[in-house]
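Please work through the following exercises with the structure at hand. Each task is followed by a solution in steps.

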Amino acid sequence: MSYLELQGTRHSLAFTELHGFRQAQTMAFAIAEINRNPSLLPNVTLGYSLYDNCNILGAGFRAALSLVSEVREDVLCVGASPVLGIVGDSTSTHSIAISSTLGLYRVPLVSYYATCACLSDRYQFPSFFRTIPSDAFQVRAMLQIMKRFGWTWAGLLISDDDYGRHAARSFQSDLAQSGLGCLAYLEVLPWGDEPAEVQRIVTVMKKSTARVVIVFVFESHMVDLLEEVIKQNVTGLQWMASESWTAATILQIPRYMPYLGGTLGIAIRRGEITGLRDFLLKTHPNDDPYNSHENSIVRQFWEYTFQCKFAPLPSEWADAGGRMCTGQEDLGRTESTLFDVSDLRPEYNVYKAVYALAHALHDMMHCVPGRGPFIGHSCASLQTIQPWQLVYYLDRINFTTTFGDHVSFDENGDVLPIYDVMNWVWLPDGRTKVHNVGVVKKSASAGEELILDEDSIIWNSESRKPPRSVCSESCSPGTRVAIRKGEPVCCFDCIACSEGEISNETDSSECTRCPEDFWSSPLRDLCVPKSIEFLSYHEALGISLTTISLKGTLISAIVLGIFIHHRSTPMVRANNSELSFLLLLSLKLCFLCSLLFIGRPRLWTCQLRHAAFGISFVLCVSCILVKTMVVLAVFKSSKPGGTDILKWFGAMQQRGTVLALTSIQAAVCISWLVASSPTPHKNTQYHSDKIVYECVVGSTVGFGVLLGYIGLLALLSFLLAFMARNLPDNFNEAKLITFSMLIFCAVWIAFIPAYISSPGKYADAVEVFAILASSFGILGALFGPKCYIILLKPERNTKKSIMGRDTNKT
């Protein structure tokens, strides 16, 4: 026979202690049920002893030591002590003290109500087990509820004992690791009568912006706290209750419900124990082996229930007219809460604890000799069993209750955790209903899981929606979190991301820079492709320059047509018509080459644009230079001894000079393209939010030589034309060349600083403008007067008029 012991929490038989008595009776029922079960511990009868710890640590400690050291003579057992395991204690503080001592002897202690996470330390408590989840899991369950409703800002109230302190430590640790929120305050409710301290704590709660209050205290603390809450009228709080007061009926009264309505609580798993009510109804003093003792718990229960006393009657009771108990009273006619088995929670844990010890003994009895787990593959026996051997089997139990809950212990002695989630509802008729709205559990396969029926939760607010409890509202995408100095991480400001950076998540800790070819949207919540900028044919500036370029080309063609049509007239023949035709053709090329600067830069346009521009302008300026030199040669030949000069300026020499001068520029362009060719380039330096497509010149030396060579020829033409401006001809072309070169040089001198200071497409626009302006300047200055005479003053298109020998001249 083995003895199991249950340590209750009864110190005097008051109304609230009926729960403790029912827990004791539940143990007795479980043992009786096991003894009747032929498949569990066959041929073995379990016995038990009940000890009252009187809610005093010393009493509970002495009871546990006496249980493991006494030798019972009134039972038929062999061995040093019949007690192999203890069911208890109900509080964490008592369990810590008892288990730390019993652990030295490896005596198993299976608690049904001690939740302190510290008891999971297998090094300190090697033989401690429990059928209630630890506070560590209860804390994680609360954190999951907070996460579900977005509560990141909460207050925490704890009791001043091991239960509260360890719960606070676990809560702070898990909250910090999960990053789910912060504590607005942490307050310790004192034991005893300290109204000033309770008043201070409620004042802190009232001033705090946290709407959620998590409470790890006992119901006695809550009574004092709620009285002060009512006094200060602190409303609008969402309470979260630990398992210690979730089901406390003393708090479920109309006075408290305006404040506690909507409370969410973590409750011990409810279970059903078939036959327990009938067993409780059969409770009778005559069936109590300790009935002869005045302190028999059954006698005290009977006297309390029927308001009577067993003989011998106390004198004060007899004097007061109290009646004597007969033992014939009928429990079935009473309305005692003892028989309400609809919401068994601690009792269900007691039931599982007894069955855990029974299954451990059962597994031990089925050990096969020679295959045992102990030294030499030996097995333990009931006659020689040691407590540490039972601990071995307790570690490995695995069974399912009739209610369907799986029971096993992990490596820390903790049962597979499961909690009910309760909701306090204040009904219109003034009654209070605490109903189940979910479950939080942990399984070997799915891990921790919160199942919550949100539609069935009744919130204590006008909106009937979950309250909002945050220190700072979430930062929307496009902003980042900036922690306020000296405040918790949940209190922050939302700072907009800088240009070129985004955040696409809520409460982003930092902004992410967009890739090189992307830029932030106006809301800074996503990266969008950068706008591409270049001198386009589709924009007003590009259209204008293209139109002007084509008009210049058309005008050059028209002038060329006029000159070809009137090629036999003196005005056309006067200054080498062949060079004039070549000059007009080069001007057409100059106008057309400007189109290469418009449109999206590509490799071939980048390579061709400056080469075409340089060669076209050199061809143009070379023709002007040769024409100027011919004018000077004709003037010199008219003087004595100057006849031989003209032989150096024949038609072949003129063509050769133009070809030679143009070939030099062509050689410069080829060398430039071969050595360091211009290429398209995505420039992001001008505008951070734009990609400017441009052609990089490749070699600035090559570009400089190209422009310098054009400038040298233009300057030489200007100087020669300036020298010949006063020649005696009536129509002196040197004057026109001087004026055209003056325009040309002025345009390109102004071009250089404008080109350097213009970004992106505007640099191309400046260059196109310079090409068009200089081309129009040459076209207008050289060919405008001639076309005027050819078309409008044909009478002046004669050799005499051009040579200045007009007969009408006086």
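Predicted model: local features only at pLDDT ≥ 70, side-chain atom pairs only at ≥ 80, totals over all residues.

**Exercise 1.** Determine how helix α14 is oriented relative to helix α21.

Solution. 
1. Two packed helices are described by the angle between their axes and the distance between the axes.
2. For α14 (residues 540-565) and α21 (residues 761-792), the angle is about 25° and the axes are 10 Å apart.
3. Angles under 35 degrees count as roughly parallel, so α14 is roughly parallel to α21.
4. The crossing of α14 past α21 is left-handed.

**Exercise 2.** Describe the residues through which α14 and α21 meet.

Solution. 
1. On the α14 side, the contributors include Leu-545, Ile-548, Gly-552, Ile-555 and Val-559.
2. On the α21 side, they include Leu-772, Phe-776, Leu-779, Phe-783 and Lys-786.
3. Sorted by class, this contact has 17 nonpolar, 3 polar and 1 charged residues.

**Exercise 3.** The structure holds 29 aromatic pairs. Classify the pair formed by Tyr-163 and Phe-218, and locate its two members.

Solution. 
1. A pair of aromatic rings is described by the distance of the centres and the angle of the planes.
2. The ring centres of Tyr-163 and Phe-218 are 5.1 Å apart and the planes stand at 35°, so the pair is tilted.
3. Tyr-163 belongs to helix α5 (residues 162-178), while Phe-218 is in the loop between β8 (212-216) and α7 (219-232); the pair therefore ties together parts that are 55 residues apart in sequence.
4. Tyr-163 has a relative accessible area of 4% and is buried, whereas Phe-218, at 26%, is partly exposed.

**Exercise 4.** Carry out the classification for Phe-617 and Trp-748.

Solution. 
1. The centres lie 5.8 Å apart, with 80° between the planes, and the pair is edge-to-face.
2. Phe-617 is in helix α17 (residues 603-637) and Trp-748 in helix α20 (residues 733-757), so parts 131 residues apart in sequence are tied together.
3. Phe-617 is buried at 0% relative accessible area, and Trp-748 is buried at 11%.
4. Ring pairs join Phe-617 and Trp-748 with Phe-613, Phe-744 and Phe-751 in a cluster.

**Exercise 5.** Is Val-437 buried or exposed, and which residues does Val-437 contact?

Solution. 
1. Val-437 is located in strand β14 (residues 432-443).
2. Buried means under 20% relative accessible area; Val-437, at 3%, therefore counts as buried.
3. Neighbours within four places in sequence are left aside; the contacts of Val-437 then include Leu-264, Val-421, Ile-451 and Ile-457.

Technical notes
Residues numbered from 1 in each chain as written. Heavy atoms only, no water. Axes fitted to C-alpha atoms, helices over the stretch in contact; angles between N-to-C directions. Helix = DSSP H or I, 4+ residues; strand = E, 2+ residues; numbered from the N terminus. Parallel < 35°, antiparallel > 145°, perpendicular 65-115°, else oblique. Left-handed = near helix turned anticlockwise from the far one by under 90°. Contact = heavy atoms within 4.5 Å. Nonpolar A, V, L, I, M, F, W, Y, C, P; charged D, E, K, R; others polar. Phe/Tyr/Trp six-rings, centres within 6.5 Å; stacked < 30°, edge-to-face > 60°. Buried < 20%, exposed > 50% of the residue type's maximum accessible area, 1.4 Å probe, protein only.
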